[in-house]
Amino acid sequence: MYKYDNYDQAMVDARVEEFRDQARRRLEGKLTEDQFKPLRLMNGLYLQLHAYMLRVAVPYGTLNGEQMHALADIADKYDRGYGHFTTRQNIQYNWIKLEDAGDILADLAKVEMHAIQTSGNCIRNISSDHFAGAAADELVDPRPYAEILRQWSSFHPEFSYLPRKFKIAVIASDTDRAAMRLHDIGIQIVRNEAGEIGAAFYVGGGMGRTPMVAPCIHDFVPLDQLVTYSEACLRVYNRYGRRDNKYKARIKILVHELGKEEYARQVEEEFAHMLEQGIEPPLAELERIKTYFADPAFKTDLPTEADRSDPEFALWMDRNTHPHKQAGYVSAVISLKPVGGIPGDASAEQMHLMAELAKEYSFDECRVMHTQNIVLPHVEIGRLHELWSKLEAAGLGTPNLDQIDDIIACPGLDYCSLANARSIPVAQKISKRFAETGKGDELGQLKLKISGCINACGHHHAGHIGILGVDRKGVENYQLLLGGSEAEDCSLGKITGPGFDEDGIVDAVEKATDVYLANREGSERFLDTYRRIGMDPFKEALYG
Amino acid sequence: MKILTGNDLKTGAVVWWDGQNWSLHVEDAVDVGDRAEEILGREEAARRVNASYAIDATRDEDGGVRPAHIKDRVRALGPTVRPDLTLKPAEPEALNWVI
């Protein structure tokens, strides 16, 4: 993985001291909250329902064991013994004291981490495929491209005050595991007919109050123009994005209002101008960055089958592992979704264990998934049972990747000051309901996502089943959506009708799955059946 | 009744105006009537509270103070999904008060 050079480390260290001074001045009364708020947000420090919340960037979700240990130590030393992995592959701490924030950032900097640009109207953490560098189906490892964009976008002075926040995802396989088309810019590394590698640009996607699937505005940008084209996309947005209305300020609104063709035309015009400016880093820099992402020393001639005589292990292996490009290995998913648990939460003890397991089984590497689980990307198939046994013992062996209880849920009204309703209790009740009835096992892949407000941090628009919590005259109410997908078959869910109370939404989800089971043909997923039979049978079951 | 709440500047902890100081316990909150703006301006300037605001609340039959909106009741007690981290970890039934 990428290692900081002296410039990286010096910049991050300087930012720590800068923020330490800003926090001191705030505590001494030399800065008002109005003056301090944008400064703390630039360093990922929010004020949430119960305390300050610190969001730490995990670039493209990649961590080594030392970093995971450091995150655990922060949870223990400065928070309340746990952290929350987010839908943008980051981690959040919910109980931070302002007076500790400088020390926390210093601890992060020691392991080449920070919280810079995890808030504010800037380019946020670049996300990517959690199986990058490991997946059997990828064209190339997308992380070097994500890294060069991370370097370009970090502290970029022109893009520090965009009309709104800006999120970029980079993938390199036809299977989209990063919700690429629901980002402000989604980049897919592709090969053209001439066999050259380049980048397809999808611009103007997003969730939130106005969800949109990003259209492709350029199907092949050469790699030696990747940064320049990205900058052209941002420049047009920065110039014409709606700064007068927060709710219309994201790039998706600009692309929608201009139209894909006109936005693309303006980007091409800016791109042509910028090519003359020579801002693109030389390809040698990309090659240098690639060396940090070289394959680890995979063994050869390893067994490609595991002993599946233990049925619980076999189930976990079937559900929670992903095919690897190297024979004899798989990527193993550690579920942070135990039955009735809080999606994405991990205790300091569990984080320490995952760090140790990464060192022992996965070349000292782990990944944060946007679905709020953790991946050990390179595990020998012959050692899987041993790994699973350790996970089981720690409550981390739930076999539910992409099952109905592998629920994405935002922190909701239990933690978030923007939320209108609680998300986590709904996730817990659904998880318990399907575990108790045993129906979960019949359903196959079913992605369920819950947001506690219209901002959609829980990706409810993109759930096969989505749930949106709203405030109805001071009472929590939950709308049900069907038919969303964040994958390569990207689509936005549609609301079924009137909302439900907390228990009612759990019943509604069960009824929707009953409709699916009654109508499923062959190996159809819930989403496939919904797309074939449409909304009416579901409405009939829910409201008829 | 109108009560005042905010976060402690240093720790971020949720606090409630008790007439003299800022308390961690909502049951200490007092009715400030129409003096909210005056008190909040003074207390913010003195850095004794951060992000403060006035809310509607009612007084229960037993004398307890109940914020009108669920968001402030969650703030008053703590996350409903982690009873161990609330102000009343030994009283899981306290969560019923929030909902």
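**Helix H13 of chain A and its surroundings**

Mentor: Helix H13 (residues 424-437) of chain A has 14 residues and spans 20 Å from its first C-alpha to its last. This is a predicted model, in which local features need pLDDT of at least 70, side-chain atom pairs count only at pLDDT 80 or more, and totals for chains, interfaces and linings use all residues. Residues are numbered from 1 along each chain as its sequence is written, and chains are lettered from A and ligands numbered from 1 in the order in which they are written.

Trainee: What makes residues 424-437 a helix?

Mentor: A helix is a DSSP run of H or I with at least four residues, a strand is a run of E with at least two, and both are numbered from the N terminus. H13(A) has 14 residues.

Trainee: How do you know what span to expect for H13(A)?

Mentor: The expected span is 1.5 Å times one less than the number of residues. For H13(A) the expected value is 20 Å, and the helix reaches 20 Å.

Trainee: Why is H13(A) called oblique to H15(A)?

Mentor: The axes, lines fitted to C-alpha atoms over the stretch in contact, have angles from 0 to 180 degrees between N-to-C directions. Here they come within 10 Å and cross at roughly 45°. That makes H13(A) oblique to H15(A), because angles under 35 degrees count as roughly parallel, over 145 as roughly antiparallel, 65 to 115 as roughly perpendicular and the rest as oblique.

Trainee: Which residues of H13(A) meet H15(A)?

Mentor: Among them are A:Pro425, A:Val426 and A:Arg433, and their counterparts in H15(A) include A:Ile505 and A:Val509. Residues are in contact if their C-beta atoms, placed from the backbone, lie within 7 Å.

Trainee: What makes S18(A) and S19(A) a pair?

Mentor: Two strands pair if DSSP finds at least two bridges between them. Eight bridges join S18(A) to strand S19 (residues 475-482) of chain A, so these antiparallel strands pair. Within their hairpin, which has two residues between the strands, A:Lys473 takes a positive phi near 55°.

Trainee: How do strands S17 and S18 of chain A run?

Mentor: They run parallel and are joined by four bridges. One bridge partner of A:Ser451 in S18(A) is A:Leu468.

Note on methods: Two residues are in contact if their C-beta atoms, placed from the backbone, lie within 7 Å.
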